[in-house]
Amino acid sequence: MAALCFGTGLVHQEVPPVVVESAERAGLALLGSPVEVPFAQISRWVADRIFAERYDAVRSAVVLQDQLVRELLSGHGLRGLLRRLHRELGAGPVAVVEPGGRVLARHPASSAWPRAGADEKAADDGGTSVPIVVDGVPVAWLRTRLGTARQDVLSFATSILGLEVARHQAVLNGRRELLGQLLEDVLHRTVSDTDARRRLTAYGLAVEGPHVVVVARVGGALGRLRSLPWTLGPLLEREGDRLPTALIDDTVMVIVPDGVDAESAARTLADRLTVLDTGVRVGVGEPRRGVAGLRLGYFEARQAAQAGPGVHRAAPLSIAGLLMGNLDLPLRELGHAVLAPLLRHDEAHRAELVPTLRSYLAHDCVPAATARDLTLHRNSLRYRLRLIEQLTGRDLDRLTDRTELWLALLALEADPAGAPPGQ
């Protein structure tokens with residue numbers, strides 16, 4: 001606030017009317033200072049008052065920040081924090097909202113929130129949104145229904161919320177990693193079935209009853225799968241995973257017990273993981289029992305996830321599909337090694353030996369059907385088949401060689417960019 005101080009007693013005994021009128025028009029506070037009072041004394045008095053006011057404001061802010069931290073860390077948690085913000089800000093209802101618009105928590109609990117974009121800085125009614133950031137990514141928004149001048153309070157609240165979420169995320173990740181290590185041992189038979197049942201029971205997993213395995217595969221940086229809180233709601237409520245969840249490399253594995261809708265759980269998982277990868281691939285296995293069923297269910301769901309983005313139910317598990325989904329076998333590398341001469345030839349001569357081989361095997365090695373499919377003369381087809389045999393060193397009349405070439409093609413289709421054509 002600005003003010004005008006006019007000295008009296010030397011030139012003017014009173015403040016001139018024109019000064020009074022000008023101050024009123026400008027909206028300035030006007031003070032008259034007698035000559036006996038030095039301006040330096042006035043300046044010191046004003047400075048002391050400003051310092052006192054600022055000190056009070058800082059002290060009040062520190063006290064409020066301490067109260068917000070206490071509310072968050074106490075048994076009241078997030079709801080206590082929102083209640084305190086509602087009381088202190090005077091900006092109407094407050095809420096934590098996901099980027100998609102779903103409200104995770106609110107105060108008062110009966111307040112209604114439109115499902116508009118949560119990242120809008122001002123709603124139609126003048127509300128405010130401040131991001132809650134974890135690992136540099138806005139994972140949710142703290143919103144007020146009405147505008148507020150206390151942006152500092154909102155910023156502090158989002159900062160401690162981000163730290164609290166990251167802390168709980170680290171703890172939850174530890175549990176998921178430990179379960180993932182156990183499940184890897186079970187899947188790859190490095191523990192006996194008896195020991196597997198005992199150790200799984202310690203995690204609360206009764207695998208002897210019916211269960212469904214859901215597998216989600218996430219692209220991009222693996223670190224984000226572990227750093228970003230894709231299960232934000234339970235984290236804010238200080239809960240663990242509602243279903244047993246494990247992390248295995250780029251894969252999230254969820255074990256859905258009997259009585260829980262596995263399809264719904266898979267859709268929820270896919271929706272949550274879109275914050276990491278919009279093309280997340282989720283596979284759902286068949287209901288199975290026992291440790292052996294857990295293994296089969298995992299590879300079923302993993303094979304189903306290879307169908308592409310979205311949620312896919314498992315088809316009957318084939319031996320070839322199981323082989324292609326086994327991470328311990330270097331089938332992709334071997335497949336590329338087998339087909340490397342054909343890939344190099346096709347690249348160098350703009351030929352189509354690989355598509356020809358694929359069509360020939362798909363038509364049960366019947367030349368007439370293959371020629372029709374490729375719109376190719378039978379003599380040209382015979383030439384290509386002889387060239388395939390020469391380059392690969394395989395005999396297409398032998399069942400074992402056909403099988404090896406067919407598996408190599410499956411490996412190529414499963415991971416077309418797994419190895420350069422020249423390798």
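Contact is taken as heavy atoms within 4.5 Å. Helices (H or I, at least four residues) and strands (E, at least two) are DSSP runs, numbered from the N terminus. The model is predicted: local features need pLDDT of at least 70, side-chain atom pairs count only at pLDDT 80 or more, and totals for chains, interfaces and linings use all residues. Residue numbers start from 1 along each chain as its sequence is written, and side-chain values use heavy atoms, without hydrogens and water.

Helix H4 (residues 151–187) lies across S3, S5 and S6. Its direction is at about 30 degrees to S5. Axes are lines fitted to C-alpha atoms, for helices over the stretch in contact; angles run from 0 to 180 degrees between N-to-C directions. Helix H3 (residues 77–89) lies across strand S3 (94–97), S4 and S6. H3 runs at about 50 degrees to S4.

The sheet itself is open and has four strands, in the order S4-S3-S6-S5. Pairing is antiparallel, and two strands pair if DSSP finds at least two bridges between them. Strands S4 (103–107) and S5 (128–134) are the edges, each pairing on one side only. Neighbouring strands are turned by 20 degrees against each other on average, direction ignored. Seven bridges join S5 to the antiparallel strand S6 (residues 137–144). Ile 132 stands opposite Ala 140 in S6.

Cysteines were also examined. A disulfide requires a pair of cysteine sulfur atoms within 2.5 Å. By this rule the count is zero. Burial was classed by relative accessible area (1.4 Å probe, protein chains only): buried under 20%, exposed over 50%, partly exposed in between. Cys 5 counts as partly exposed because its relative accessibility is 27%. Cys 365, at 13%, is buried.
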